Amino acid sequence: MKKQKLLEIHNLTQHYGDFIALNNISFSIEKGTIIGLLGKNGAGKTTLMKTILGLLCQYDGEIKFKGKSINHGDPKIMRKISSLVDVRFYEDMSAYENLNYLLMADVKISKSNRRKKIDELLTLVGLENNSSSKVKSFSFGMKQRLALAQVFLHDAELIILDEPFVGLDPVGIEFMKSMLKQIQREKDATIIFSSHQLEEVSDLADEIVAISDGTIKYCGTLQELQNTNKKYNIWFVGKEMKIEIPYNSEILQRTIHEHLKKGIEISKIEVIENALYQLFI
Ligand code: ADP
C-alpha cells in the first residue's frame, strides 16, 4: 500500500538578505519514516528546518503538510508538528514544572491526566527521579532528554530535531536513537533529524536527504546511495587501459559478453567505492 505523503517541499528557496541559503529544494516525506538530513556545518539544514516550522516565514516555493499548503499561523496544524530547534527551558523551574507549563495551555487535558502524561514522559526519557529538580542543575544530556520529553508532549505527527546527538555521550546517543525508533514504531511518527555525521544518520534514518551549499545532493535510502556510489573497473588481458561501468549486474554481464565476443579477455574486475562523505563536500 502506498503511504501518505506527510510533507512535501516544492522548489523551496530561502534567503538571508542577498545570501541564498536554500536554493530551489524539492523532496517529499512519507508518513512514518525517519529522514536523516545530512550535511556539513553551514549546508542549510537548520534553515530548512526553521522554514518548515515557520520560524523563517518569508520563502519562495511551497511547503505542503498532509496534502495542503501549510499555514504556519494555524495552531491546529502547528500542534501536529513538534520540534527540537532552539529549545529553551525555564531554568528555575523543575523538569515537571517545565512540561506542566507547556501542557497547561491545553484546556482539553484534566489536571490528573496532565500529571499522568508528564510522569509517563519523564519515565520514558529516564528522568523520573529528577522530576522535581530544577533544570539549572541538569547536565547537557539531561536537558536533551527533557527536550525530547517536550517534543513528545503533544503526540505530534511530524517531529523535527536539529542535531539531536550533539553534545551527548555514546550512551546518550544510543538512548536517543532507541527513543526515536520507539516513537516511530508505536505512534507511526514521522521524524526529520539533522546531523553532520554519516554514521548517526545511517544507523537511524530510513532515508537520507543530503544537502550541500543549500542544494540537495541526494535523496533516497542509504542502500541506493551506496549502490550509486559504486562502480566496476574492468581490466583486459594485455592492455593497459581499463573501462569503468556502473555497479549493475546486467550491465556487467553485457559488457563481459560483448568483449568476449570480440575475443578480448578480461583480466580483472574490481569494485570501486568512493567514501560517501565525498558526496557531501
Ligand atoms: P547548517 O544547519 O547546515 O549548519 P544553517 O542553515 O545554519 O546550516 O546555515 C546555512 C547558511 O546560512 C550558512 O552559510 C550560514 O552562515 C547562513 N546563515 C544562517 N543563519 C543566518 C542568519 N541569521 N543570517 C545570515 N546568514 C545565516
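Mentor: Buried means under 20% relative accessible area, exposed over 50%, and partly exposed in between (1.4 Å probe, protein chains only). This is a predicted model, where local features need pLDDT of at least 70, side-chain atom pairs count only at pLDDT 80 or more, and totals for chains, interfaces and linings use all residues. Residues are numbered from 1 along each chain as its sequence is written, and side-chain values use heavy atoms, with hydrogens and water left out.

Trainee: How does Tyr101 count by relative accessibility?

Mentor: Tyr101 has 45% relative accessibility, so it counts as partly exposed. Tyr101 sits in helix H3. Helices are DSSP runs (H or I, at least four residues), numbered from the N terminus.

Trainee: Which residues is Tyr101 in contact with, leaving aside neighbours within four places in sequence?

Mentor: Contact means heavy atoms within 4.5 Å. With those neighbours set aside, Tyr101 touches Tyr90 and Met93.

Trainee: What should helix H4 span?

Mentor: The expected span is 1.5 Å times one less than the number of residues. H4 (residues 111-124) has 14 residues, so it should span 20 Å; its end C-alpha atoms are 20 Å apart, which agrees.

Trainee: Which residues of H4 are buried?

Mentor: An α-helix has 3.6 residues a turn, so residues three or four places apart point the same way. In H4, Arg114, Lys117, Ile118, Leu121 and Leu122 are buried. Down the H4 axis they fall within an arc of 130 degrees (directions from the helix axis to the C-beta atoms), so they line one face of the helix. They pack against helix H3 (95-104) and helix H5 (140-151).

Trainee: Which residues are exposed on the other side of H4?

Mentor: Ser112 and Lys116.

Definitions and conventions. Helix = DSSP H or I, 4+ residues; strand = E, 2+ residues; numbered from the N terminus.
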